[in-house]
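Hi everyone, thanks for making time today. Let me put the structure up, and then I'll walk you through it.

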Amino acid sequence: MPSFRLTKDMPTATVLDGSQFVAAAPIATVLDVQRVESPLLADLVASEITYVRGNGMTFGVAATDAVLQVFAIDAERFAMANEAKRSVHVCAGRPGTLDGAFGFVPILCTVPWCLHAVIFAPCVWMGPMAFNAWARPHADAPFPARASRALIVTEHGVVGDGEATGQETQAIAWDGFDVDKVHITRYDDAREPRCTVPWGERAIWADPLSCAVGFGVLIPCCAYTCVQPNAPGLYRVEITSTHETVTGTGKRRRARPTAAIDLFALAESPDAVVAALRRGAASARAPPAATMHDRDYF
């Protein structure tokens, strides 16, 4: 999905990438202090959480990894995210999380599928939304147990909690992602609707807190965001590994990031988060070779 800046002519869910943030001045490093076990990471060691590198190799998160910075989830902003998810639940489904799957919604206004939905098979097309409305109603995502340390920046990479989006805790090494491709989605202002090209690196309907419909023939060629939040200070940060896991063969072959960190409602500003990632990447230490191993991805 293309990147956008928020202006008076541009709507809410503005996606920026990390290249648009300027890193702050370097902070004092903690890499050379005496190593002690950190309570921030100790439980992750027991869970065998591993950093994913760019080449697919992994190595374990250690309790003695130096912690450079910690970002917490803000309770008020998290409540805003739940309220935004409530407004699109009929279309997105998946109660109890900040994740969503929009099914047929993106092509409801695309010819000839819109005619098929209305004339030939309304139950098939509208059934999932009716099911979400009555049989599987909205439920707020619980406030994460690890909210006080939702994103941990260490000497070897980043560790992100996935509870709010129904995912496991993920860790990515510094050489396993590109800071310039970290995606920040803002939800600051709902005064302007958004029309844009729906395809690209990120589809417009990949956002679980807003709802967009596509227009076109056979496939959508443009999209209109009809429901979007108005939540000052709320944003989403997504960090994905450059290494991909491939599943299936032939036409069923699919590739997805091996590790992905997806967080909503961090208390610090997106500028502070990206600046911390830049500082961490600049001062990264080589991973301990003795603990590295290769996952069987294929």
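Before the details, one term: a residue is buried when its relative accessible area is under 20%, exposed when over 50%, and partly exposed in between, using a 1.4 Å probe and protein chains only. What you see is a predicted model, where local features need pLDDT of at least 70, side-chain atom pairs count only at pLDDT 80 or more, and totals for chains, interfaces and linings use all residues. Residues are numbered from 1 along each chain as its sequence is written, and side-chain values use heavy atoms, with hydrogens and water left out.

First, confidence. The predictor's confidence in each residue, pLDDT, runs from 0 to 100. The protein chain averages 77, and 72% of the residues score at least 70. Over residues 1-34 the pLDDT is below 50, and beyond near neighbours in sequence this stretch has 96 contacts in the model, a contact being heavy atoms within 4.5 Å. Residues 294-298 also have pLDDT below 50, with 16 contacts beyond near neighbours in sequence. Where pLDDT is low, the predicted coordinates should not be read in detail.

Now the overall picture. The protein chain has six helices and 17 strands; these are DSSP runs numbered from the N terminus, with helices being H or I of at least four residues and strands E of at least two. Of its 298 residues, 47% count as buried. Among contacts between residues at least 6 apart in sequence, 71% join residues at least 24 apart.

Let's look at helix α6, residues 270-282.

In the loop between α6 and β17 (293-294) sits Arg 285. Because its relative accessible area is 33%, Arg 285 counts as partly exposed. Its C-alpha atom is separated by 8.8 Å from that of Trp 174, 111 residues apart along the chain.

Finally, Asn 82, in helix α2 (residues 75-87). Is Asn 82 buried or exposed? At 6% relative accessibility, Asn 82 is buried. Not counting residues up to four places away in sequence, Asn 82 touches Leu 98, His 138, Asp 140 and Ala 141.
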